[in-house]
Amino acid sequence: MITFTLSLVALVVGYLVYGRMVERIFAPDGRPTPAVSMADGVDYVVLPGWKIFMIQFLNIAGTGPIFGAIMGAKFGPSAYLWIVLGCIFAGAVHDYLSGMLSVRHGGAGLPELVGCYLGKRTKQVMLVFSVFLLLMVGAVFVYSPALILGKLCGDSLTWVYAWCVIIFAYYFLATMLPIDKIIGKIYPFFAIAMLFMAVALMVVLFAKWPSLPELTDGLGNMSPQSGTIFPCLFITIACGAISGFHATQSPLMARCMKSERQGRPLFYGAMITEGAVALIWATVSMYFFYGGAAEELGVPATLQAPEVVTTVSQGWLGVFGGALAILGVVAAPITSGDTALRSARLIIAEFLHMEQHTIRRRIYICIPVFAFTLALLWFNIADENGFNIIWNYFGWANQTLAAFTLWTVTVYLVRKRKFYWITLLPAMFMTAVCTAFLLISDNSFGLPTIVGYVSAVIVFILSGILFAAWIRNKNLRIKS
């Protein structure tokens, strides 16, 4: 519990100190935001700051800081280091700068931003890559809450299918309607439920003060069957540390901000909050797997992440508290899924130069988007291993997208003659992580672990060398 307490303090200090430093480097000013200069009543709508924070928090949260933290906690105390350091120096920086870059470019989506700074070819790749990732999010985040809700209603798969239909129907409405009609009205309530869950569980943890693995016990892998700490931990815990999915969501809120100075609490702050949620669930999970909580609750310590959530919430928080906690866990993926599909609609419309003020044009894009998502959902259900397959590809694609986003904002900082090391080092690191995972994962090349390690070191060094060469050429062109 000492490591957990110090980690929470570190996140708060990181927001107050490093977050302010990142904000000063970007230098927000008083220029009109897209919500003011491009208002259309559908996607560009000024919303109150507190609502934007709640929506952004739910958009980026999903099941990542919960399920990812539960699975990542199996590795041991090293999960704390990745959540804290990743969140402060990579994830929150990634979210803030990608969000503010969108504000400066008229609320542009991620592929447009990538095209501006990494070139048209990279933009085309990222267009396909990001849309496919968003559709995977839509499919996964239908099925995972449907499983939880279905289990609460009964063990029959009929309930799971029924909830899939209900959630999918909601997705269509939320994707089609103006952002302030559904999302702006119900998200704050769901965010309160999720934050209540996290705070309530934190109170229980401090009240129990269990004996847990600490950093002083070492950073050894406590769950070898989950894979190696590098790179598997850095893929497993994504949303609680750094997630490329967030860069597809931030433009939604960039279109709703009244002032650029709202950026640090809305983008950097939302990510720090998500990191705190991840810390809480990682600690709950270490207590569950290694501290005796499973035995106290009368269940085996081999439960999967969704079952851990329902068992702990109901066992620790009672009927009402457990119901509210589960509501938060269910709402998080649903609210991330609908905004993922909304982002996909906007990215495609941006690429096709198709205005979205007219409902008919929104329908043109939504039909193929939902058809493809439905196909992924069917695969998710029909194949008994479908969820794991999609989730593994989602995890790698998620972190690869984060690497591309970090390279994009790094090039922006270079062009603006700003301190670019704050994104360069995370970009190099995440590029190495994604390369190593692709090489050694059983779902891809399945090469020996040592090959992944060596390749990661080579990629890290080589990416730095290539970037330094680009900087030199860039400076030569500027001088000439």
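Me: Why is helix α8 called roughly antiparallel to α15?

Reply: The axes of helix α8 (residues 157–176) and α15 come within 10 Å and cross at roughly 155 degrees. Angles under 35 degrees count as roughly parallel, over 145 as roughly antiparallel, 65 to 115 as roughly perpendicular, and the rest as oblique. The α8–α15 angle falls in the class over 145, so the pair is roughly antiparallel. The axes here are lines fitted to C-alpha atoms over the stretch in contact, and angles run from 0 to 180 degrees between N-to-C directions. The helices themselves are DSSP runs (H or I, at least four residues; strands would be E, at least two), numbered from the N terminus.

Me: What should I keep in mind about the model behind these values?

Reply: The model is predicted: local features need pLDDT of at least 70 and side-chain atom pairs count only at pLDDT 80 or more, while totals for chains, interfaces and linings use all residues. Residues are numbered from 1 along each chain as its sequence is written, and side-chain values use heavy atoms, with hydrogens and water left out.

Me: Which way does α8 pass α15, left-handed or right-handed?

Reply: The crossing is right-handed. The rule is that a crossing is left-handed if the near helix is turned anticlockwise from the far one by less than a right angle, and right-handed if clockwise.

Me: Which residues meet between α8 and α15, and how do they divide by type?

Reply: From α8 come Y161, C164, F168, Y171, F172, T175 and M176, and they meet I359, R362, I363, C366, F370, T373, L374, L377 and I381 in α15. Contact means heavy atoms within 4.5 Å. These residues split into 13 nonpolar, two polar and one charged. Ala, Val, Leu, Ile, Met, Phe, Trp, Tyr, Cys and Pro count as nonpolar, Asp, Glu, Lys and Arg as charged, and the others, Gly among them, as polar.

Me: Why is D43 called buried?

Reply: Buried means under 20% relative accessible area, exposed over 50%, and partly exposed in between (1.4 Å probe, protein chains only). D43 has 3% relative accessibility, so it counts as buried. Its place is the loop between α2 (34–37) and α3 (49–61). Setting aside residues up to four places away in sequence, D43 touches I179, R255, C256, R342, R345, L346 and Q356.

Me: What makes the pairing of D43 with R345 a polar contact?

Reply: The two side chains make this contact at 3.2 Å. The term needs a pair of N or O atoms within 3.5 Å; within protein, one must be able to donate a hydrogen and the other to accept it, and residues adjacent in sequence count only if both atoms are side-chain atoms. The D43–R345 value lies within that limit.

Me: How do you know that W163 is partly exposed?

Reply: W163, in helix α8, has 24% relative accessibility, which puts it between the two cut-offs and makes it partly exposed. Beyond its neighbours within four places in sequence, W163 is in contact with A146, L149, G150 and C153.

Me: And what makes G446 partly exposed?

Reply: The value for G446 is 41%, again in the partly exposed range. G446 lies in the loop between α17 (421–440) and α18 (449–479).

Me: Why is H353 called exposed?

Reply: Its relative accessible area is 73%, which is over the cut-off for exposed. H353 sits in the loop between α14 (305–352) and α15, and has a positive phi of about 55 degrees although it is not a glycine.

Me: What makes helix α6 mostly covered?

Reply: Seven of the nine residues in α6 (residues 110–118) are buried, namely L110, P111, E112, L113, V114, G115 and Y117.
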